[in-house]
Amino acid sequence: MMLSRLLSHDLPRSRVLAVLLIAIFLGLALAPFVFPGTRALNVAAKVIVFVVLAASFDLLLGYTGIVSFAQTMFFGIGAYGVAIASTRWGPTWPSILAGIGIALGVSLLLSLVIGLFSLRVRAIFFAMITLAVASAFATLASQLSDLTGGEDGLTFKVPVALQPGTDYLAEPFLGVSIDGRFVSYYVLFVVALVLVLAMLRIVNSPFGRVLQAIRENDFRAESIGYRVVVYRTIASVASALFATLAGVLLAIWLRYNGPDTTLSFEIMLDVLLIVVIGGMGTIYGAVVGGVLLVLAQNYLQDLLKRAVPLVDGIPVLSQIVSPDRWLLWLGILFVLSVYHFPSGVVGRLRGGRARQAES
Amino acid sequence: MTATANVASPAAPPDDTDDAIPKSRFDWLPVAFVPLLALVAWPLMGSTSTWLTLTGAGLAMGMIIFVIASGLTLVFGLMDVLNFGHGVFIAFGAYVAVSVFAGMSDWASAADAWKNLAVIGAAMLGGGAVAAAIGVVFERVLIRPVYGQHLKQILITMGGMIIGEELIKVFWGSTPIVLDLPQAFRGVFTAGDAAVEKFRLFAAAFGLLAFAVIALVLERTKLGLLIRAGVQDREMVESLGYPITRLFVAVFVAGSALAGIGGALWGLNQHGVNPQIGASVNVLIFIVIIIGGLGSTTGCFVGALLVGLMANYIGFVAPKVAMFSNIGLMVAVLLWRPQGLYPVTSR
């Protein structure tokens, strides 16, 4: 079956999950028509970017069983690649492509060096070293203001075809004006779809099976004859490249990039939350989790605002349900997920037979 | 546990825990790096007074980092638990110090040096006590259920960090708070042209004291003997009938308290606190314990001093790459000794 091949025979295996995924797919595919308004479209675009970013992280965390805190670094490299190239060489397609190429090259090199260097010793080193390198990189990016625009970041123009001012139809189509923004959204959507399907392909290939074997028992995998270090390094490089492409998408959508947009540790934590709550070791988890987190980020605050009058005046409680504390609730949900359903929402929906992701 | 640990064998004989019966020689080489680094930096700093000032600041910073990181490295050595949420204790320590200073503002602004010292003492004590209390909860709720599972440990302690940071915002708000030193600790001691901040001298003295106490407890008491034995071979200690879990809780809580005290000092050293203080220090202490060798207290001390000095020298010469200098230091050390300066045998 065509669809099954597209999904690399890794079907949702749960009716609820299938319905959920179809709903997400349709919702994102028709977002400009179904959810009018600038804010809704921005949220939809953010969902798309974060799904790709989280899926790339899942490749590493869920499938290979190693924790990296440098995912946002590669995310940032991609976004800065486009931003810097567009600023320097003008808003043309060749300059964007060159920026993407350079960004991919930098990510490849960096992830290779980090992987070979730290995965050789102990897997737990990797977590600490990526944390250190990523934070140093974020500092560096905000210091090199000639190149990166420093703390202010870079605002740049995209090619004419994607600019909001470019109208393709004189009349709005089904109440939506078909402009550069509309085209940008669909570029994002199609590219993200291809990337997610590609990652699904990777994790369901023989290579992906080896990664899972390493996750379950690296010693045994080594004994069977797989070079664990090589596989782990390849996985971390692949994950870095996908994260870079997610960064490219974000930069093209926002037409801006700065340290807080892509490199901050908060975003790293968001990605961690997405993957763990959504379900480690299931690319679908990144999709579900991404939608959940971005919606929570943008709309949970509205919900919490309604709860505020109920506890108004009670000192600590009113602070705890304050709209700014949405992350507290997700943090608690995160801890509970790690304990009680390590395979996340997706694992829960698929029933008890979901694989446990731990080393 | 992991297969890879066996592949990279330590380059040097493991003589960190040096009080064994056939007495092994203490490895002085890493310790010599500290004065060596200072000497190399001397001609590069331009003037001797600048160099003295930077060295003083670097040593003080290193001592504070050591106070914070010592608990983390011991906990890792003893139970193979890597606590990514260690920053929570630092942050709570610093914030409690803010509250103590606000509560005792009369004494903090008094001209009497003893009253000032009492405020700092109370802040450190309060920070340590609160951090210890949180440490008890943290260990019980977050860490105990996931012993022996590295991946879950990293995730869950990271989750603890998120929650802790948010709780700090609940209690103290999310904006940075200025933390001024008490009257008597402001200003500098001058010797010739060189100036060393008074507070940093105090912090360095305290750090040295903390190191001495930790070293004494580890080397000269039965408790220390058990802890060192546990770091070397946990199962053996357990099979001899000692309650290693209770020992671990004690070390964890003590480590949390030290982190809280260090957090209070760090907040004062930075003249202010923000909710991200824990996460930012976390990065530094990870570098320190990797450099020192996971589980080694001596290594942690040497690593902390190296990092503190390096951060100050490079921060003066080329501030843009200051953060990378520490990573460069870490890479250099790991290329030389893949397990850190003082490798711990069983890891």
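A:Glu216 has a relative accessible area of 40% and is therefore partly exposed. Its salt-bridge partner is A:Arg215, with N and O 2.9 Å apart. A:Arg215 has 5% relative accessibility, so this residue counts as buried. The model is predicted.

**Salt bridges**

Side chains of opposite charge can pair when their charged atoms come close. Over all chains, the structure holds 5 salt bridges. The table gives some of them.

| Pair | Closest N to O distance |
|---|---|
| A:Asp218 and A:Arg232 | 3.3 Å |
| B:Arg200 and B:Glu197 | 3.6 Å |

What does the bridge between A:Asp218 and A:Arg232 tie together? A:Asp218 belongs to helix α11 (residues 218-224) of chain A, and A:Arg232 belongs to helix α12 (residues 228-254) of chain A, so the pair links parts that are 14 residues apart in sequence. A:Asp218 and A:Arg232 are both buried.

In chain B, B:Arg200 pairs with B:Glu197. Are these two residues buried or partly exposed? B:Arg200 counts as partly exposed because its relative accessibility is 21%, and the cut-off for buried is under 20%. B:Glu197 has a relative accessible area of 25%, so B:Glu197 is partly exposed.

**The largest pocket**

Rolling a probe the size of a water molecule over the atoms shows where empty space is left. The largest pocket has a volume of about 1300 Å³. Its lining takes in 42 residues. Which residues lie nearest the centre of the largest pocket? They are A:Ser135 and A:Thr139 from chain A, with B:Ser280, B:Val281 and B:Met323 from chain B. By class, the lining splits into 22 nonpolar, 15 polar and 5 charged residues.

**A nonpolar surface patch**

Chain A carries a nonpolar patch on the surface. The members are A:Ile22, A:Phe25, A:Leu26, A:Leu30, A:Val34, A:Phe35 and A:Leu193. Together they have about 610 Å² of accessible area. Which helix gives the most to the patch? Helix α2 (residues 15-29) of chain A does, with 3 residues. A:Leu26 sits in helix α2 of chain A. Its relative accessibility is 42%, so A:Leu26 counts as partly exposed. Patch members need over 30% relative accessible area.

A:Pro32 is placed in helix α3 (residues 31-34) of chain A. With 6% relative accessibility, A:Pro32 counts as buried. How far apart in space are A:Pro32 and A:Val176? Their C-alpha atoms are 7.1 Å apart, although 144 residues separate the two in sequence.

Two residues deserve a backbone check. A:Arg255 is not a glycine, yet its phi is positive, at about 55°. A:Arg255 lies in the loop between α12 and β2 (256-257) of chain A. A relative accessible area of 23% makes A:Arg255 partly exposed.

B:His271 also has a positive phi, near 60°, and is a residue other than glycine. Where is B:His271 placed? Its place is the loop between α11 (244-270) and β4 (272-273) of chain B. B:His271 has a relative accessible area of 36%, so B:His271 is partly exposed.

Definitions and conventions: Residues numbered from 1 in each chain as written. Chains lettered and ligands numbered in written order. Predicted model: local features only at pLDDT ≥ 70, side-chain atom pairs only at ≥ 80, totals over all residues. Heavy atoms only, no water. 1 Å grid on protein atoms, 1.4 Å probe; cavity = no way out; pocket = protein on both sides within 12 Å on 5 of 7 lines; lining within 4 Å. Points joined across faces, edges and corners; volume = space filled by probe spheres on them. Nonpolar A, V, L, I, M, F, W, Y, C, P; charged D, E, K, R; others polar. Patch = residues over 30% accessible without salt bridge, like charges linked within 9 Å, V, L, I, M, F, W, Y side chains within 5 Å. Areas by Shrake-Rupley, 256 points an atom, 1.4 Å probe, with all protein chains shown as cover. Salt bridge = Lys/Arg side-chain N within 4 Å of Asp/Glu carboxyl O. Helix = DSSP H or I, 4+ residues; strand = E, 2+ residues; numbered from the N terminus. Buried < 20%, exposed > 50% of the residue type's maximum accessible area, 1.4 Å probe, protein only.
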